[in-house]
Amino acid sequence: MKSFYSLFLVMFLTKFTSSTLEEPLNACNGRIIGGYQADISQIPFQVALNLNRGPSCGGSLISSRWVLTAAHCVQRLGTTDGLQVRINSTYGLAHGRVVNIESLVMHPKYNPLSIDYDFALLELEEEIKLGEEFYAVELPKQDEPVEDGTCLQVSGWGKTEDEDFGSEDLRL
């Protein structure tokens, strides 16, 4: 339980709330929608959230047992029934390995109206073996500052143009 609270503390200290953004989200390279096709080997910590075996959202493996995702992706669930993550796959609905979720923890200050504190943690039912080619994302250390304007990498299976659903291929 102590590691769980440490993870939340890291999230609080990194100041990722929408109310602090003064520049457009895509200020670093001008791309958010669209992006570039990627392979899971480029972003091995990326996971796909699947709800009842359908596409839902993405997330990042932050340890061998925990995934960080957006609270807005899981806010209406109330349960982990039917929620899984697909790990180590370039495709959100195929290949890789599917793991069930044991527990879901929403950020206590999440606000669905302002989308502030848009974080949730998913505890996996089983520990994932990490290695050189498949590993957890490196988060800032506790109390390590993240400067305003720092460019961060965005990846996932989101919309690329006028699709009804997100891309079938992982994108950066």
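Let me start with the core: the largest nonpolar core has 26 residues, and among these V85 and L124 touch the most other members. A nonpolar core here is a set of buried Ala, Val, Leu, Ile, Met, Phe, Trp, Tyr and Cys residues joined through side-chain atoms within 4.5 Å. Strand 1 (46-51), helix 2, strand 4, strand 5 and strand 6 each supply at least two residues of this core. Apart from it lies another core, of 6 residues, and I62, W66, L68 and F119 are among them. As a general point, nonpolar side chains in soluble globular proteins tend to be buried together.

Before I go on, a word on the source. This is a predicted model, in which local features need pLDDT of at least 70 and side-chain atom pairs count only at pLDDT 80 or more, while totals for chains, interfaces and linings use all residues. Residues are numbered from 1 along each chain as its sequence is written, and side-chain values use heavy atoms, with hydrogens and water left out.

Back to V85. Leaving aside neighbours within four places in sequence, V85 is in contact with V47, A48, L49, V67, R97, V98, V99, I101, L122 and L124. Contact means heavy atoms within 4.5 Å.

Now the overall layout. The protein has 2 helices and 6 strands, and from the N terminus on they run α-β-β-β-α-β-β-β. Both kinds of element are DSSP runs, numbered from the N terminus: helices are H or I with at least four residues, strands are E with at least two. Of the 172 residues, 37% are buried. Buried means under 20% relative accessible area, exposed means over 50%, and partly exposed is in between, with a 1.4 Å probe and protein chains only.

Which strands pair with strand 5? Strand 4 (residues 83-87) and strand 5 (residues 97-106) run antiparallel and are joined by 4 bridges, with R86 opposite V98. Strand 5 also pairs with strand 6 (residues 120-124), again in the antiparallel sense, over 5 bridges. There, V105 stands opposite L121. Two strands pair if DSSP finds at least two bridges between them.

Next, the disulfide. A search of the whole structure finds 1, where the term means a pair of cysteine sulfur atoms within 2.5 Å. This disulfide joins C57 to C73, with an S to S distance of 2.0 Å. C57 lies in strand 2 and C73 in helix 2 (residues 71-74), so the pair ties together parts that are 16 residues apart in sequence. The link is left-handed, with -85 degrees about the S-S bond. Are its ends buried or exposed, or in between? C57 counts as partly exposed at 23% relative accessibility, and C73 counts as buried at 16%.

G58 is also in strand 2 (residues 54-61). G58 is partly exposed because its relative accessible area is 27%.

Last, S64, in the loop between strand 2 and strand 3 (66-69). Why is S64 called buried? Because its relative accessible area is 17%. A polar contact of 3.2 Å joins the side chains of S64 and E127. That term means a pair of N or O atoms within 3.5 Å; within protein, one must be able to donate a hydrogen and the other to accept it, and residues adjacent in sequence count only if both atoms are side-chain atoms. Not counting residues up to four places away in sequence, S64 touches L124, E126, E127, I128 and L130.
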